[in-house]
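Please look at the sequence and the model before reading on.

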Amino acid sequence: MKQNFEGPGEGQWITVDEKNHELQVPENPIIGYIEGDGVGPDIWAASRPVFDSVIEKVYRGTRRIQWWKIAAGEQSFKECGSYFPEVSFDAIRKCVIAIKGPLTTPVGGGFRSLNVTLRQELDLYACIRPVRYLTGTPSPMIRPEDVDMVVFRENTEDVYAGIEWKSGSSEATKVIHFLETEMGVKLPSDAAVGVKPMSPTATKRLVRMAMRFALDNNRKRVTLVHKGNIMKFTEGAFRDWGYDLARTEFSDVVIFEDDLSSKYHGEIPDGKILVNDRIADAMFQQALLRPREYDVLAMPNLNGDYMSDALAAQVGGLGMAPGANVGDACAVFEATHGSAPKYAGMDKVNPGSMLLSGAMMFRRMGWHEAANLLEKGLERTIGSRVVTYDLSRLLPGSTEVSCSGFGRAIVDKIREI
Ligand code: NAD
């Protein structure tokens, strides 16, 4: 599919205010979509009618999305020899908002993940993963409803910057030599070497986004999660830069853990946000033992990656976990699971992750009523025990439906609400 730069012919572009990064969303916005590889086309085909019917029901024809297909992944490679053509990045920039299915990382040939490329190319510096329990979803937890957290994971630095050299390569040998002769650090001569860059600039813009989210959404706590006890100048600095940002830019709302007992009798006052920090390993325990005490988590890349999936498992697994990669200029909402190639084209998997990512997208557009209705329709469908195979095998007495059948069942529920 060749990208046509005129756009889809109908609809209006979303624009962003360059100063405050606020969106101006027209009534008939053009939104880019990437179907993705493997199960991507199945979950997109099931989700799109749900998105359209929610909008139709809530706005009764006054608002409508003009979907615009953007080329990427295996289909694009077959058609134009590129997994992610430059024009597709331009198309996402133009749309400001896009939604995507999973993309297979081509094996061999030194390909880096298409998702990592997308995040870096568009400077989508925050990976946002809200994790909340939808009633009726099978979960391994006794009280999965206690989990209601939003992870803000830094997307451009840390080990995902992808700077590493193979064991025995001339580059690794050079770095090892430099470290020994210039820095007084001795490494095994056959070591592979990776670099973990973390900067105050990238950390502060992430924590700023997490703080603004907390303010706008009446969330009471922002926790900086790090491994600063071991890596002081990277992970430890993440914590320090985060506190510094909170203190300087949010001084009128922020309170700290020490203040909580000394000044506020253990209660966070209305209008205030508690900023605290936890060491990552302790945070994994806290997520299981005391989830109600956590709200918004700001994390460096790798720890945030683990935490997002671990939290998703607590509320029913990756098939139900939404996500978005967000920068100042644009945002790409995505199903967080992979392309599950063994189920490709079988119309079988759960489209829940893409559906919930769509709800996140509606919220970003300010279409909150549509987001709420979508989530309600999904929750009620699961509540009536009509589910895809992954949930069905965990829900005794449920009716298993196909991916598209699940989408249709949600559309029917939405019509009843
Ligand atoms: P995967 O998530 O594709 O699949 C692992 C297993 O999880 C599947 O076999 C299936 O049992 C289950 N599963 C995944 N999605 C499901 C859904 N919607 N409903 C029900 N069950 C579901 O992980 P993988 O096999 O490690 O990765 C396959 C490919 O996807 C790789 O090329 C990888 O690079 C890519 N990937 C892409 C993304 C992305 O685009 N965001 C994320 C992760 C992996």
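## Surroundings of the ligand

Sorted by class, the shell around the ligand consists of eight nonpolar, eight polar and four charged residues. The model described here is a predicted one. Among the 20 residues around the ligand, those that come nearest are L103, N115, G338, A340 and N350.

A backbone N or O atom of A340 is 2.6 Å from an oxygen atom of the ligand. A polar backbone atom of T105 lies 3.0 Å from an oxygen atom of the ligand. Y389 contributes a polar side-chain atom, which is 3.0 Å from a nitrogen atom of the ligand. The ligand taken alone exposes 820 Å², and the protein buries 67% of that area.

How many of the seven residues of strand β12 are buried? Five of them are, so this strand, which spans residues 273–279, is largely enclosed by the rest of the structure.

Strand β12 is paired with β10 and with β11. Strand β10 (residues 221–226) runs parallel to β12 and is joined to it by six bridges. Within this pairing, V225 of the chain stands opposite R278 in β12. Strand β11 (residues 254–256) is also parallel to β12, and three bridges join the two. Here V254 has I273 of β12 as its bridge partner.

## A residue in helix α9

Q286 is located in helix α9, which covers residues 280–289. Is Q286 buried or exposed? Its relative accessible area is 19%, and the limit for a buried residue is under 20%, so Q286 counts as buried.

Apart from neighbours within four places in sequence, Q286 is in contact with R278, P291, E293 and Y294.

## A residue in a loop

P140 is found in the loop between β6 (126–132) and β7 (148–154). With a relative accessibility of 68%, against a cut-off of over 50%, P140 counts as exposed.

Which residues does P140 touch, leaving out those up to four places away in sequence? They are A313 and Q314. P140 and K94 are 46 residues apart along the chain, and a distance of 42 Å separates their C-alpha atoms.

Methods. Residues are numbered from 1 along each chain as its sequence is written. This is a predicted model: local features need pLDDT of at least 70, side-chain atom pairs count only at pLDDT 80 or more; totals for chains, interfaces and linings use all residues. Side-chain values use heavy atoms; hydrogens and water are left out. Buried means under 20% relative accessible area, exposed over 50%, partly exposed in between (1.4 Å probe, protein chains only). Helices (H or I, at least four residues) and strands (E, at least two) are DSSP runs, numbered from the N terminus. Two strands pair if DSSP finds at least two bridges between them. A residue is near a molecule or strand if one of its heavy atoms lies within 4 Å of it. A polar contact is a pair of N or O atoms within 3.5 Å; within protein, one must be able to donate a hydrogen and the other to accept it, and residues adjacent in sequence count only if both atoms are side-chain atoms. Accessible areas come from the Shrake-Rupley method with a 1.4 Å probe; for residues, only the protein chains shown count as cover. Ala, Val, Leu, Ile, Met, Phe, Trp, Tyr, Cys and Pro count as nonpolar, Asp, Glu, Lys and Arg as charged, and the others, Gly among them, as polar. Contact means heavy atoms within 4.5 Å.
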